[in-house]
Every structure is written in structure tokens, then in C-alpha cells.
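Please read the following report alongside the sequence and the coordinates.

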Amino acid sequence: MVTNPLKSLFGHSPFKPLQQHMRVVVDCAAQVPGLYQMLFANDDAGVQAAREKIFSLEQEADDIKNTVRAHLPKSLLMPVNRADLLDLLGVQDDIAGSAQDIAGFLTTRKMPVIEPLKEPIIALSQRCSDTCVKAGEIVGLLDELIETGFVGRESNSVGGLVEELSKIESETDIMAVEAVKRLFDNEDKMGPVDVMFWFELIKWTSNVADNAEHVGNRLRLMIAR
């Protein structure tokens with residue numbers, strides 16, 4: 001008897017794998033602050049361990065994503081269409097991809113670390129991780145939203161959570177600007193190529209929060225439809 005791997009893993013609801021995917025993605029992003037902490041401590045083994053954890057979680061997220069894409073029904077008797085679900089899945093996956101970009105780079109090129117960069121970089125990465133946690137809370141309400149037909153208290157809760165997510169993401173924008181300013185204030189302590197790559201790392205770190213906000217916005221759009 002041929003069974004659907006999606007159902008065997010997550011039951012009959014197509015939202016269960018989306019929620020499981022998001023939980024893995026949130027865990028993946030949560031490793032980034034520790035990665036930076038190991039970097040600034042000049043702990044190469046710790047950086048490598050964090051990298052392996054991030055890559056493992058990103059692969060787990062990829063496996064879930066591929067299962068969903070391969071087995072999601074062409075039509076669903078629900079107030080959500082297949083394209084919207086796959087779009088949300090892709091945006092969630094971008095979070096893990098950003099974390100993997102950071103981890104991959106930091107184990108490919110030895111980056112110089114200076115003390116003035118430590119506090120703003122680690123603080124930024126932690127706040128970006130916070131955005132992912134908030135986005136995970138929103139995705140976790142999917143089942144309840146379906147049960148209520150995207151109206152009522154649960155729908156209002158999502159709206160409030162999306163607003164909170166947007167505020168946190170705005171904080172990360174400010175923190176990223178401060179990190180870049182700190183970088184440029186200390187660029188004479190590094191070579192120009194190192195400055196350029198630190199600038200890119202700050203941008204990739206900010207992308208974690210940007211992608212988390214996109215998750216909230218996609219879900220809000222889904223409710224509006």
C-alpha cells in the first residue's frame with residue numbers, strides 16, 4: 001500500500017509540516033548569536049561546531065520543505081490555496097538559508113575580530129533571532145486560524161503579533177546601522193577587504209530578521225484573502 005509521506009509524518013493537516021518546518025528554522029536562526037560569540041572568543045572549534053549545527057538544521061528544514069513540495073495536494077478544501085502555502089514555506093526557508101550563509105562564510109574565511117564590534121554584532125544577531133521566535137509564534141497559530149475561518153480572536157491575535165514582529169524588525173534595522181557605524185569607526189584596524197566582508201556579514205545577519213518579517217506579512221496576506 002502506497003502512503004503519503006506527508007501524512008505519515010505530520011498527519012492530515014498540511015499546516016503541521018509548515019509549523020514543524022518553522023520550528024526547525026527558528027532553531028537554526030537561534031544558533032547564529034552563539035556562532036558570533038565563538039568567533040569573538042577566537043574559539044575556532046566552537047565556530048566549527050556552531051556551523052555544523054546550523055548546517056544540520058538547515059538540511060532538516062530542507063528535507064521537510066522538499067517533502068511538503070512533493071506531496072502537498074494540488075487542491076485543498078480549505079480557505080488557503082496551494083500557492084500561498086508554498087510561498088510561505090519558501091519565505092520560512094529563507095531564514096535558514098541566511099543563517100547558513102553566515103555560518104558557511106565564517107568557516108571559509110578567517111575574519112579578524114576587534115573588541116568594538118563584539119557588542120553590536122552579537123546584540124544584532126540576538127535580536128534577529130528574536131524576530132524568528134515571534135514569526136514562529138504566528139505560524140504556530142495556523143491550525144487555530146483554519147478552525148475559525150480566519151476570523152475572530154485568533155485572527156486579531158495574528159494581527160497583533162505581526163505588528164510586534166514589525167517593531168522588532170525595525171529595531172534590528174537601527175541596530176544594523178549602529179553596527180555598520182561601529183565598523184566604519186574602526187576600519188583603520190582592519191584591511192579594506194575585511195571591512196567589506198564585515199559589512200556583508202552585518203547585511204546577512206539583518207536578512208534573518210527581514211525574512212522573519214516576510215513570514216508574518218505573508219501570513220497576514222493569507223488571512224486577508
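## Basis of the model

The model is predicted, so local features need pLDDT of at least 70 and side-chain atom pairs count only at pLDDT 80 or more, whereas totals for chains, interfaces and linings use all residues. Residues are numbered from 1 along each chain as its sequence is written, and side-chain values use heavy atoms, with hydrogens and water left out.

## The chain as a whole

The secondary structure consists of 9 helices and 0 strands, where helices are DSSP runs of H or I with at least four residues and strands are runs of E with at least two, numbered from the N terminus. The chain has 225 residues, of which 47% count as buried (under 20% relative accessible area with a 1.4 Å probe and protein chains only; exposed is over 50%, and partly exposed lies in between). Among contacts (heavy atoms within 4.5 Å) with a separation of 6 or more, 84% join residues 24 or more positions apart.

## Helix α2 against helix α5

Helix α2 (residues 15-29) packs on helix α5 (residues 82-106) at an angle of about 15 degrees, with the axes 8 Å apart; axes are lines fitted to C-alpha atoms over the stretch in contact, and angles run from 0 to 180 degrees between N-to-C directions. That angle makes α2 roughly parallel to α5 (under 35 degrees; over 145 is roughly antiparallel, 65 to 115 roughly perpendicular and the rest oblique).

On the α2 side, the contact residues include Phe15, Leu18 and Met22, and on the α5 side they include Leu85, Leu89 and Ile95. By class, this contact has 11 nonpolar, 2 polar and 1 charged residues (Ala, Val, Leu, Ile, Met, Phe, Trp, Tyr, Cys and Pro are nonpolar, Asp, Glu, Lys and Arg charged, and the others, Gly among them, polar).

## Helix α4 against helix α5

Helix α4 (residues 44-71) and α5 pack at an angle of about 160 degrees, with their axes 9 Å apart, and the two helices are therefore roughly antiparallel to each other. The residues in contact include Arg51, Glu58 and Lys65 of α4, together with Arg82, Asp93 and Gln100 of α5. By class, the contact of α4 with α5 has 11 nonpolar, 3 polar and 7 charged residues.

## Cysteines

The structure holds 0 disulfides, a disulfide being a pair of cysteine sulfur atoms within 2.5 Å. Cys128 is in no disulfide, and the nearest cysteine sulfur, that of Cys132, is 7.5 Å away, which is too far for a bond. Cys128 counts as buried at 1% relative accessibility, and Cys132 is buried with a relative accessible area of 0%.
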